[in-house]
Amino acid sequence: MEKKYEARHIFMALGICVLVATPLLLFFVPQVMAKIIYASPDLWVVVPQNKSYYAYGAGFLLLALALFLVYIFEMKKVPVVLSLICLALSGASLYMASHTYKSISYHGVAYSPLFSLEDYTYSWEEVDKVIYHRKRNLKQSDYEFVFRDGSRVQFKENLYFLEVKHYVMEMLKQKNIEMETKLAGD
């Protein structure tokens, strides 16, 4: 007995694959994309902004929705148009998420907020102070960089930051940048 599969079943299988893979993709795609896009020899650390994970998730879910729309409505004209719209929104969401980052380098600190194509780059001379928010009960602390124009950006004290912490501390010392410690609540 020969099994016949319709073309729409391919879209169903792809949609299921995207849905199943999304949690795994959210675990490593944002960090890998940030490193690929912003890699340079003088860059110490680059991490995606926390909000970019939501944009990546929305992009992957819109991609799955686009595939399921084609499957459910058997490739009729209106659902295909809706699928193309979902695909375009998915691409836009993934594109915006990939341009949401924060980094520390030999030259200074840079970041780009979610849904902004503008990069904010500050030299070490523009850093007013750094506030170390120390958490109680062994929770992850963070470093808040405060710039002369009032802007702020925070870096979690995770493994990525700990790898370059000595470079950052040395640069703060060289540039005579004030480091303030605040004990944060639980």
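Phe115 counts as exposed, because its relative accessibility is 59% and the threshold for that class is over 50%. This residue belongs to a predicted model, and Phe115 lies in the loop between β3 (108-112) and β4. Its backbone deserves attention as well: phi of Phe115 is near 60°, a positive value in a residue other than glycine.

A second residue of this kind is Asn176. Phi of Asn176 is near 55°, again positive although the residue is not glycine. Asn176 lies in the loop between α4 and β8, and it counts as exposed because its relative accessibility is 69%.

Side chains of opposite charge can pair when their charged atoms come close. Across the whole structure, a search finds seven salt bridges. One of them joins the side chains of Glu125 and Lys175, at 2.8 Å from N to O. This pair links distant parts of the chain, 50 residues apart: Glu125 is in the loop between β4 (120-123) and β5 (127-135), while Lys175 is in the loop between α4 (159-174) and β8 (178-184). Glu125 is partly exposed because its relative accessible area is 46%, and Lys175 is partly exposed because its value is 35%.

Another salt bridge brings together the side chains of Asp128 and Arg148, at 3.3 Å from N to O. Here too the pair links distant parts of the chain, with Asp128 in strand β5 and Arg148 in the loop between β6 (142-147) and β7 (152-156), 20 residues apart.

Lys165 counts as partly exposed because its relative accessibility is 25%. Glu157, with a relative accessible area of 16%, is buried, because buried means under 20%.

Salt bridges can also share partners, and in this model such bridges join Lys129, Glu180 and Lys182 into one network. Lys182 lies in strand β8 and is partly exposed because its relative accessible area is 39%. Between Lys182 and Arg152 there are 30 residues of separation in sequence and 16 Å in space, taken from C-alpha to C-alpha.

From charged side chains the description turns to nonpolar ones at the surface. Leu24, Phe27, Phe28, Val32, Ile36 and Ile37 make a nonpolar surface patch of about 610 Å². Leu24 has its place in helix α1 (residues 7-38), and it counts as exposed because its relative accessibility is 55%.

The remaining topic is the space left open in the structure. Rolling a probe the size of a water molecule over the atoms shows where empty space is left. The largest pocket holds about 290 Å³ of space. Its lining consists of 13 residues, and those nearest the centre of this pocket are Val47, Asn50, Tyr53, Asn158 and Tyr160. The elements α1, β1 (43-48), β7 and α4 each give two or more residues to the lining of the largest pocket. The largest share comes from β1, with three residues. Sorted by class, the lining of the largest pocket has eight nonpolar, three polar and two charged residues.

The second largest pocket contains about 220 Å³ of space. It is lined by 13 residues, of which Gln49, Asn50, Lys51, Lys102 and Gln154 are the closest to its centre. In the second largest pocket, β7 gives the most to the lining, with four residues. By class, that lining divides into four nonpolar, four polar and five charged residues.

Definitions and conventions:
Residues numbered from 1 in each chain as written. Predicted model: local features only at pLDDT ≥ 70, side-chain atom pairs only at ≥ 80, totals over all residues. Heavy atoms only, no water. Patch = residues over 30% accessible without salt bridge, like charges linked within 9 Å, V, L, I, M, F, W, Y side chains within 5 Å. Areas by Shrake-Rupley, 256 points an atom, 1.4 Å probe, with all protein chains shown as cover. Salt bridge = Lys/Arg side-chain N within 4 Å of Asp/Glu carboxyl O. Buried < 20%, exposed > 50% of the residue type's maximum accessible area, 1.4 Å probe, protein only. 1 Å grid on protein atoms, 1.4 Å probe; cavity = no way out; pocket = protein on both sides within 12 Å on 5 of 7 lines; lining within 4 Å. Points joined across faces, edges and corners; volume = space filled by probe spheres on them. Nonpolar A, V, L, I, M, F, W, Y, C, P; charged D, E, K, R; others polar.
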